Amino acid sequence: MAKNLVIVESPAKAKTIEKILGKDFLVKSSFGHIADLAKKNFGVDIENGFKPNYEISPDKKKVVADLKKEAKIAETVWLASDEDREGEAIAWHLYNQLGLKKENTKRIVFHEITKAAILSAIENPRDIDIYLVNAQQARRVLDRLVGFEVSPVLWRKVKPSLSAGRVQSVAVRLCVEKEEDVKKFNITSSYRLTAKFYTSDAKTELLEAELPKRLATKEEATKFLEDCLTADFKVKNIEKKPGKRTPSAPFTTSTLQQEASRKMGYSVSKTMVVAQQLYESGKITYMRTDSVTLSGQAIGQAKQMISTTYGEKYSKIRQYKTKSKGAQEAHEAIRPTDLTRSKVSGDSAQQRLYDLIWKRTIASQMADAIIEKTNIEIEISGKKEVLSAKGEVITFDGFLKVYIESTDNENGNSDETKGMLPAVAKDQKLEVLEMTAMERFAQPPARFTEASLVKKLEELGIGRPSTYAPTISTIQKRGYVEKGENEGDERKYQIVYLKQGELKERIETEKTGNNKGKLLPTDIGSLVNKFLVNNFTDIIDYQFTAKAELEFDEIAAGKKEWNKMIGDFYHPFKKRVDDAMENAEREKGERLLGIDPKSGKNLYVKIGRYGAMAQIGESEDEEKPRFAGLKKGQSIENISLEEAIKLFDFPRSTGMYEDLEMTVAIGRFGPYVKHNGLFFSLDKTDDPASITENRCIELIEAKRQKDRERFILSYKEDPEIQVLNGRWGPYIAYKKRNYKIPKTTEAAKISYEEAVKLIKSQPGSGKKTSTKARKTTAKKAPAKKTVKKKALKAITKKK
DNA sequence: CAGTGAGCGAGCTTCCGCTTGACTT
């Protein structure tokens, strides 16, 4: 039996630490937070100083029971959760929920998992910092109040099941406003003038130069080239300037997500899944961090590695400081646990992500790259304008030997790719090969990608490393934003050029407006944002979190009561919630498109209970209006009358199959074929307006084939029991519930008796209908809730 | 989960941060 119980947050960390501490220590994990505000009645007692009502999270009951058992028999319990606000709260909840005693409980912290750091932590225990815990309670309660007060207003005024929150609503706002900027942007064009010269009679080397300013119109560009037809060119000046480049700091969660997105095209959640795998197999340090700090041991190892592999002059020890506000720095930067390991085993995603992390870490401890910048000015006889040729030569590569950071510059600007310039002498005459004036369009602001939105949120101090990926997926799941799929449309541009003493013109095309993978606000997203901006300006203010953080800091310093802060916020806020509930206009985004030619009635588009829809006729009329949902990709803002009229062409009969009619319609989940009471989804490439009878049959047969492949076994004794192939391997399906099959048994050989045994031994999973039904029937009359609501209202009215 | 959309009124939805499994298209 171990004398000491150490509790950390992550199980992978527990394993490592147990090895370091040896047999007198049992190291267990809490798996993050163990307690949270109750879900019902806000989980906060608003009338009693916002007293939180904590309960053990349902999925942590087992963990807590286990920890309690171990704590009881341990001589000393060491609470070793992270040293930040949330970690302190975890320690406090553990203390309370496990019923620990002050005399044998110790709070310890460490920022890196090394023997020295952990032993030193054990030497220097402290008490739980209740001020820091209070700051966390304030944060938690604030988020609950904002989320659970504002969301119901949206259900009432926009659409059910929507959500609002301190973090997600700002994320949506950023996307909506970016889109407005893009729409407002005036795309102008100008002419970029470039020239190519021979630098010697041998005509072997070319010097490329550019006119620093743009020419406004085609006329101006043509005039300029005409002037050059007879001009002489001469090197006016050569200037050389030294420069350097410095490596970036080691990865944090946010910068790792950005680089993995730019270099490998990973979504932020993909990056986190792969990083977690690397972490769990001990290859990298913790992947949810806002710190750029490397441990002394890692820095030492890097120095050693770099010196032996590349030479001493490539090594430069660097300590980085975080630039992001609100960073809590409970961990190290993300780095390989062993820097001598430049490659790891694992699948290709793991190898690539590891490679990225390894290179970034090593580069961060390497010398600057030294470059020489050259600028050659070229004179045009008879003109005052001067052409400029810029070049860059790396004289010492330094960190560039292993790592080059990508940028968000999507146009691959030619400025970025400068090379070495051919040797020329001052006053040397140059022979022109060609001169080109190319029409270039101004670039509208870049829309956010998942990763660039994370970057922006981090800059604003909104959200935490553990929530960036979930936030990005929440705003997509709620339908506030979606990823663009348009790879761009063709655009023509003009070129005027000078070659072999002649002036010519031509037209070329390029792709523009590529929004693939960019976050675009949906109708719902824009509408919800409009509603929130109008009614809850301060909550979705970009500074709201930053201001709250200042107050959390005061609470953590013991200079402010946390419930006082919440009270100061809540009372005016609640007034606006009530006001919006009562007086705010319902936000439907209604737009009159025109007249439906068939009925002569008005055709509208608006947001309904289930999303964007088109409507023919008036809701107030005696005759019910006709409705049709908008297709994916259509929006209230852009849809034309013609497109909207087409939506009412469904359901449409497409023919017969097996003596039964097939109809095509557009449902909640997209277009489908209905046949014999069953539904078959159309492919993305199928157009419901023109799909043929044969194609419908094909779809039906394909689905049937797939269902057959899913099937493995059934039993004579009870045909309701089936062994099926699912996304995660074989499972047993019985009466709409699903049951796991142990990995050791072969699915195809399960006997009826075994199957029954498996079903009996498990609660089963799947449709929640049964549990939900139980819940609702067991619930008593709901009178209580409404009474309480009314009582609350009366109280607020009095004030 | 599969043709909803008004209204009657029930019951439900919802937050952020800390962590992994469990999830069954």
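**Reading the labels**

Q: What makes up the secondary structure of chain A?
A: Chain A has 21 helices and 31 strands. Helices (H or I, at least four residues) and strands (E, at least two) are DSSP runs, numbered from the N terminus. This is a predicted model, in which local features need pLDDT of at least 70, side-chain atom pairs count only at pLDDT 80 or more, and totals for chains, interfaces and linings use all residues. Residues are numbered from 1 along each chain as its sequence is written, chains are lettered from A and ligands numbered from 1 in the order in which they are written, and side-chain values use heavy atoms, with hydrogens and water left out.

Q: Which residues of helix H4 are called buried?
A: In H4 (residues 115-123), they are Ala117, Ile118, Ala121 and Ile122. Buried means under 20% relative accessible area, exposed over 50%, partly exposed in between (1.4 Å probe, protein chains only).

Q: What covers the buried residues of H4?
A: Among the elements are helix H1 (11-21), strand E2 (25-29) and strand E7 (76-79).

Q: How many of the contacts in chain A with a separation of 6 or more join residues 24 or more positions apart?
A: They account for 68%, where contact means heavy atoms within 4.5 Å.
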